[in-house]
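Take a moment with the chain before reading on. The walk below goes from the whole fold to single residues.

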Amino acid sequence: SIKKTNIKFREILKWVSCFSLAVNEVNASLGRVVTAPTNGSAGVIPAVLLYYVTIENQQATEKHIQQFLLVAGEIGSLFKKGATISAAMGGCQAEIGVSSAMAAGALCELLGGSPEQVLIAAEIAMEHHLGLTCDPIGGLVQIPCIERNAMGAIKAINAAELAIETDPKNAKVPLDKVINTMWQTAKDMNSKYKETSEGGLAVAVNMADC
């Protein structure tokens with residue numbers, strides 16, 4: 001049955017990656033980018049939103065876009081109040097992780113998820129970014145941040161789909177616990193793995209090779 005269906009997973013994967021990469025390429029070339037929630041993670045939310053309006057629901061209206069952004073913003077505010085959205089304070093988990101959680105919850109909302117499922121989507125997305133370090137090579141967030149936006153967008157879509165199929169009664173990990181864990185992880189993370197460029201890929205990769 002699967003073989004008889006027209007699966008376009010690779011094409012969708014490429015478009016979502018393209019959407020996120022494009023935003024960050026504009027950012028890197030000194031174009032205008034609205035932080036969502038930060039400059040380095042600004043490609044995730046637009047990529048997932050474009051996925052929805054071009055692939056998931058081609059009849060999407062301005063109201064859908066507004067609802068997506070409102071839900072994403074509310075989720076982002078939870079992280080900002082309960083932890084951080086700054087990579088300098090929390091590593092990349094605080095930027096790509098938070099943006100992925102924001103996008104996952106917002107997409108879940110537009111896919112018809114309940115408020116409980118929206119929170120599950122955000123939790124799933126963040127859970128799988130916990131501990132992510134920065135690694136800015138040569139102090140430049142373009143490496144590897146740009147690719148991480150693409151990965152964060154794909155994770156967000158996956159998280160939303162998992163949440164839609166989850167009965168909230170069976171959820172084991174609440175979003176609040178993940179936010180608390182992210183903040184504790186941020187405080188425990190050595191500063192050299194944040195935006196200082198003193199550890200990780202930042203020193204393992206020669207800038208001349210980029």
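Predicted model: local features only at pLDDT ≥ 70, side-chain atom pairs only at ≥ 80, totals over all residues.

Begin with the elements. The protein has nine helices and zero strands. Read from the N terminus, the order is α-α-α-α-α-α-α-α-α. The radius of gyration is 17 Å, close to the 17 Å that the globule rule gives for 210 residues, so the protein is as compact as a globular protein of that length.

Now look at the outline. Along the principal axes, the C-alpha atoms fill a box of roughly 50 × 35 × 35 Å. The protein exposes about 11100 Å². Carbon and sulfur atoms supply 56% of that area. Of the 210 residues, 44% count as buried.

How does the chain meet itself? Take the contacts between residues at least 6 apart in sequence. Of these, 76% join residues at least 24 apart.

Next, go inside. The largest nonpolar core has 48 residues. Four of them touch the most other members: Val 48, Phe 68, Phe 79 and Leu 107. Several helices give two or more residues to this core: H1, H2 (44-56), H3 (62-82), H5 (96-110), H6 (115-127), H7 (142-164) and H8 (175-188). Which element gives the largest share? That is H5, with 10 residues.

Stay with Val 48 for a moment. Leave out residues up to four places away in sequence, and Val 48 touches Phe 68, Ala 103, Leu 107, Ala 153, Ala 156 and Ile 157. Two of these partners, Phe 68 and Leu 107, are also among the core members with the most contacts to other members.

Helix H2 also holds Pro 46. Is Pro 46 buried, partly exposed or exposed? Its relative accessibility is 26%, so Pro 46 counts as partly exposed; the buried class would need a value under 20%. Pro 46 and Leu 78 are 32 residues apart along the chain. Their C-alpha atoms are separated by 20 Å.

Finish on the surface. Ile 2, Ile 7, Phe 9 and Leu 13 form a nonpolar patch there. Together they have about 420 Å² of accessible area. Where does Ile 7 lie? Ile 7 sits in the segment before helix H1 (9-28). The relative accessibility of Ile 7 is 54%, and exposed means over 50%, so Ile 7 counts as exposed.

Conventions. Residues numbered from 1 in each chain as written. Heavy atoms only, no water. Patch = residues over 30% accessible without salt bridge, like charges linked within 9 Å, V, L, I, M, F, W, Y side chains within 5 Å. Areas by Shrake-Rupley, 256 points an atom, 1.4 Å probe, with all protein chains shown as cover. Salt bridge = Lys/Arg side-chain N within 4 Å of Asp/Glu carboxyl O. Helix = DSSP H or I, 4+ residues; strand = E, 2+ residues; numbered from the N terminus. Buried < 20%, exposed > 50% of the residue type's maximum accessible area, 1.4 Å probe, protein only. Rg over C-alpha atoms; globule rule 2.2 N^0.38 Å. Contact = heavy atoms within 4.5 Å. Core = buried A, V, L, I, M, F, W, Y, C linked by side-chain atoms within 4.5 Å.
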